[in-house]
Amino acid sequence: MNNGALIIGSSLAGIQAAQDIADAGVDVHLIESAPFLGNAGAATIPHHLFTTRILELAKHPRVSLWTNTDLSQTEERLGGFDVQLRQHPRYVDLQRCTGCGDCIEACPVTVPSTGNKAIFFPKGAQPECAVIEKFGKAPCSSACPGGIHVQGYVALIAQGRFQEAFDLICEAIPFPGICGRICTHPCELNCRRTEIDAAVAIRQLKRFVTDWIVQHDEIHPSKVTNPQVPVSNGRRVAVVGAGPAGMTVAERLVRLGYRLTVFEKMPVLAGMLAAGIPAYRLPREVIDREYKRIQKKGVNIRLSTEIGPNGQYTLDDLFRMGYDAICLAIGAHQSLKLRIPGENLPGVVKGIQLLKIINFSQQRDDPSCKAKLHQILRKGSKTRVAILGGGNTAFDVARSLKRLGIPDVWIIYRRSCTEMPALPEELAETENEDVPIQFLTAPVRIFGDRQAGVSGLECIRMTLGTPDATGRRRPVPVAGSEFKMDVDLVVVSIGQVPDLGLLEDDYGIFVTKDRRIQVDGSTFATDRDGVFAVGDAVTSDHMSAIEAIGMGKKAAAAIDAYLNGFASEPRMSTTDEMPVACRDLTPDERSPKPRISMPVLPVSKRLKDFAEVELGYSETQAITEAQRCLACGPCGECMACIQACKAQAIVHEQRENIIDLDIGAIIVAEDLQKYSHEQLPEGRGIYRVAPEEPLRGSAAAARVLASLPIERPINVPTYAVGADPRDPARIGVFICQCGGAIAKVVDTRVLTRCSATLPGVIRADIIDQACLPEAAELIRRRVTSDDINRVMLAACACCSLDQVCFSCAYQRVRCKQSLGLFTHESENLPNLESSDLAENLAHVVFEFVNIREHCAWVHADDPKAATAKASALAASAIMKLGLWSYRPTQTLGIERSVLIMGGSPAASICQRLLNKQEVVTAYAQRPPSQFWRADGHFMAADNSRHWRAAAVVMAPVDSAEAERLCHTFKIASKHIPLRTDPIGVETHLPGVFFCDPAMDSRTVGAAAAAKVAAWLSPLTRRPGMITAVADANRCRACKTCIEVCEYGAPQLVGEESNRHCWIDPIMCAGCGACAAHCPSSAITAGYSTDEQLDAMIETALNDGDRLNEKR
Amino acid sequence: MSKLKDIIDRNRAWYCLECGKCSAVCPITPWETRVYSSPRLLVEKALNGNLENIFDDPLFWSCLTCKRCSELCPSDVFFSEFVRDARQLARSNGRSGDCTHGEAIQTWARMMTAPDLDQSRLEWLNKDLKISDDSDTLYFVGCLPYYDILFRSLGIEGVEIARAAVKILNALGVEPHVLHDERCCGHDQIWEGDTETFSALARLNLERIKATGAKRVVTTCPECARTLSLDYPKLVEDHGLEVMHLSRFIRQQSPDSEMNLSLQKMDGTATYQDACRLSRHLGVYEDPRALIIATGLDLVEMEHMRHASLCCGTTGWTSCGKVSKNIQVERLREAKATGADIMITSCVKCQIHLKCAQQDPELGQELSIKIRDLTTVLADRL
């Protein structure tokens, strides 16, 4: 085959060129940078006509349509170009989208600049398939280490869709309630609202939905809160440590079917979450609830079970017990030391230890903890406490001590508040609770003695120097600024490292100098096979809960890959790799909307106990706050569309696609400024046309055709097809539910039962969506297995011919295309000869019935009537199929020849371009005196000359000559005046083309050449489908048909008493006017015989009774 | 339903001598070019007993039942009746002829079987035409108003014939009954084997005719005359009514050639087309001829005339095509050959079929002759 042509731009000129070139038998690639076809010039023709043109292209066997596609580079080579196309993701599969609009309804995001949803298609746009507007990942979503589709759940909350929001969060992380309280919310830090006023209160929104679920779960039990325990895959994984990292690993793996046991050294769930975070920040019931939810999924948690040389089991034991992998998530529970004098005095405690004691004495009512606490706070409420450090632990200690009734608590931090790792809101609340904070102050030594304990603390003021390795500015002591504080208790809370006790023996696990477990950065594997590590144990104390969760997810995927023998890539969502979306904000969006402040417990009330300080949003507050979101994506990946799409057409993971093509010629039918010289050089083989002028498109098509090597099939093939359809009818009935668009009105089961009993019906099946590839596959299978030779498909397609009309739709065309209806029969033949004959649908006769628009939609309010009508239509079509009879079609060898007439320069241009395509051309300057059709050709004769041609071009120099030439045709087609199409080249007579003298002769001559080339290709003619056939014996030679035919198709042939009508299949347009007018009913219309029409009408009228029987 | 054997017995097919006289005169035989077919051969096929062989014979469906063959048959085989009865059998086997005009006319007949069908049947009556609800005589209009619609473009006389008939009856001092809810007589149905529709139509017609109290039925259509007088009594009910074609009625009313009608004399020559139903079926040959002569026209006969006359080429709106056309062309050429100014027929169907053939654009002048119904020719002279 030749290399084909590339058309850039689905403008009117572009689609015209594509059609002409493809009709001539050359492969065409049409690219359009927008998601929908039809840019320039589309408005100059009526919309419905434009639609049919697009659909004609969509169904054309020689055309590939590329939407969302740009030309990225072009390299010239001998005889053509190597081009590279860049197809941008649509995020919707064009082979699957049914255009039902369910996704649009489900989408919570309205794009401010356009008013469209983030997933949308403009009404009437082609292809009628949705597109997702996604510039990238929203900044909040990309910032989230846990991989939550942040913007998505905010958008859902903004619509009051709390359950969906909750489910979306739970899909990503197991601890929505916990994160909703203690998350360090990198999302908010990256929120683009910070450019305007303040970030959306994302953490609070997350908290809100989890609280809402608790209140509503009994009413709406969700699949997240009531999970199904997945089917076990038989493999077991042990996780050591029940903190956020470990539990995330467990939860992700249990979802994949592994059986999980989590071993926890402490007697409480949740590791550092429970031990290190006070209840006023994270109420214990929140922890309990979320851990129970994970347990319900099948994760077994064994508390107070230490792993290690001193514990119940060693790692070796675990492997012996049958665990296939072990994940160490032991956290960092060993506090760092100050390394200053007096650090070992009684009265110096580690922050995390103190918190543990306070928390355990609170929640477990543990007497030993109470005693320890009593001992530490040896002066009771008079104890003066200095807390060293600026992390959340320091603040948690301070605020907890306040709640224990200790008034004198200071926080001492060596840098300023900007460098502090604790959250700003934490700092604010702590200050509200009257805890003084000494910034830029470092401890120098602790005073006291072994008996009395601590008595004081010497500190020094600091100043900030150059940034250190963490990026924070290094504190430098200010000489001579030392001062002393009187304190009874010093709490050291400057960070922790993992407690690697369990690794004391040589387990083959490498521990770094800074006391971390060394793992591979991507596989999380330690040096020991089957042992993985995750969380603070790997990073030391640098992780927030959400980071631990994020790491847990990656580790789980890595463990899964390991246990699958690395057979698969880790199962991770690839949407994580998307760039961050950063779109321009509209002036409207830039107007401030203040953040809804979080209601808190008044300080006077909160210090009495450990009651939660933040009270949470109300529904209205949450919705209002969520509505502040700017929809940066604009798609927020809330996945509501995936839930809504019954056709599974949505592919959020779609990526840019690079396509390399070998191209013979290029037509640029759009704005030239769009492409740089590198993308699109100047030169031979590249044709540029004005986008809105279809005539120029045709002209360019002719030049392309003339420039390409001739390797096209040039003869009309014989039309013999595989299996013999003259066998008795074996009808397969397929009823489409259209997702639900049909089934919710039309009772498809009744329809199936009704159809199944009709004569000739072998089977009747319900299919879900006829326009999806698997439906075609199912039909193919049934045809093969049940030896079906006729198929009735009741769906939304109505035309049983291979035509498209203005009410057609992309999906209908796609449906027929996947059933092979538009594949040219000559192309089908090789397949028929192949071994898999039965796979081919070429021998199957199809009949389509539209039960969607014609039944389910127009009778939406009356399901009974809709079903009755659907049944009647289906029964009619089945009866029609039953009476289908094989009609042998004529094979006419058509020459590649053309007769060109007229004195315009267009004639010679047309002739030259056609000669290059090896078309035999003849030129007659004067109109021939005689003109007629015979044997599938135009015949003309003059006194001395005689012509025979498959096509005729008239190229008059002026209107007077035009009239003379047209008059020639009146001989051939009696009284009918020649009409031309809106472009002005094609006439109503097939094979006759007209170069309007009023138009530019170069363009119109070339355009006519393109039309002739297309006309001479077998692709444009499929005799038999619609051609009327005359019965010679029933013909009375009355010429009525000749009178009524607009196309000059009927001719009288034969002599004297044997004169009868013959219908030229090439000229016949299939309108059926002749059949309707023939007094002796000698003519049968192509689409249906009288017998079939009778049976259809009778069946439809009598169907009601049958239907009632089957109801 | 009769078996084939009964049909053969009843119609004396056993007596066929295979002499071939029928084949020599059958109007179809010379024109049917697909396969050789003739009445004799069809009878032979019937005697061999294979139904499909009979039904597949083109003649079986295109037979005009014109009785031309019966005129010559030495054994008195009822060939037309045999075809009629066998078509009933064929219909019960799911076979039927090819209907013309998209089966519109057959459909009308079927629609007319509805007992309470509302037809505007009397729109054609002018105010100077007198009808009466109290008369011994009923004028049976037949399908004229329907054909008027379908074949107007051929330039046929449709309701003009009905008007002429009432005008003549009035001139004879008769104010006839005309039914406002008359049905098709069922002629085509019975000859195409559709007895069910025929019976329904016949019952409805008889019911209505009897309700008028009329003793006599006059028709302008030979088919109606044949069906009401021969087929109704035999197949539906012995109604005891006197049924006749208008030409015979006129002659009965005024046996002498002057008649009670005072006809204006006219010049010119006319030829007469014997309608098969009126002539060979009912034996009416002289009455129309006498009436033509009474108008003063010179009557010239065609090559085939009276008992040997050539049919108009189609019956029952079925199996029309090349064969029919050729018969019609042949007949029109015979008419032209007489040199007559006008061809007069007594049957509207003859007029329709022959006028249709005259539409042939190629044969043009060769077939052009004025064709009129006897009734309208007479009425014009009143």
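## Helix packing in a two-chain model

Let's start in chain B, where helix H17 (residues 322-337) and helix H18 (residues 348-358) pack at an angle of about 90°, with their axes 9 Å apart. Angles of 65 to 115 degrees count as roughly perpendicular, so that is the word for H17(B) and H18(B). Before I go on, please keep in mind that this is a predicted model.

Who makes that contact? From H17(B) we have Lys325(B), Gln328(B), Val329(B), Arg331(B) and Leu332(B), and from H18(B) come His353(B), Leu354(B), Ala357(B) and Gln358(B). By class, the residues of the contact between H17(B) and H18(B) are four nonpolar, three polar and two charged.

Let me step back to chain B as a whole. Its secondary structure comes to 19 helices and seven strands. Of the 382 residues in chain B, 51% are buried. And if you take the contacts in chain B between residues at least 6 apart in sequence, 78% of them join residues at least 24 apart.

Which of its residues are buried? They are Pro39(B), Arg40(B), Leu42(B), Val43(B), Lys45(B) and Ala46(B). You'll notice that Arg40(B) and Lys45(B) are on that list. A quick reminder on spacing: an α-helix has 3.6 residues a turn, so residues three or four places apart point the same way.

And what do the buried residues of H3(B) pack against? The partners, again in chain B, are helix H1 (4-10), helix H2 (21-25), helix H4 (51-56), helix H5 (58-62), helix H6 (68-72) and helix H7 (79-92). Just after H3(B) comes Gly49(B), with a positive phi of about 90°.

Over to chain A, for two helix pairs. Val150(A), Val154(A) and Ile157(A) of H5(A) meet Ile202(A), Leu205(A) and Val209(A) of H9(A). That contact of H5(A) with H9(A) has six nonpolar residues, no polar and no charged.

In the second pair, the axes of helix H30 (residues 905-916) and helix H32 (residues 1001-1016) of chain A come within 8 Å and cross at roughly 40°. H30(A) and H32(A) are therefore oblique too, but here the crossing is right-handed. On the H30(A) side the contact includes Pro905(A), Ile909(A), Cys910(A) and Leu913(A), and on the H32(A) side Val1004(A), Gly1005(A), Ala1008(A) and Val1012(A) are among the partners. The residues of the H30(A) and H32(A) contact divide into 13 nonpolar, two polar and one charged.

Last stop, where the two chains meet. How many residues does each chain bring? Chain A gives 15 residues and chain B gives 16. The side of chain A that touches chain B has six nonpolar, five polar and four charged residues.

Thanks, everyone; happy to take questions.

Methods. Residues numbered from 1 in each chain as written. Chains lettered and ligands numbered in written order. Predicted model: local features only at pLDDT ≥ 70, side-chain atom pairs only at ≥ 80, totals over all residues. Buried ≥ 20, exposed ≤ 12 C-beta atoms within 10 Å, placed from the backbone. Helix = DSSP H or I, 4+ residues; strand = E, 2+ residues; numbered from the N terminus. Contact = placed C-beta atoms within 7 Å. Axes fitted to C-alpha atoms, helices over the stretch in contact; angles between N-to-C directions. Parallel < 35°, antiparallel > 145°, perpendicular 65-115°, else oblique. Left-handed = near helix turned anticlockwise from the far one by under 90°. Nonpolar A, V, L, I, M, F, W, Y, C, P; charged D, E, K, R; others polar.
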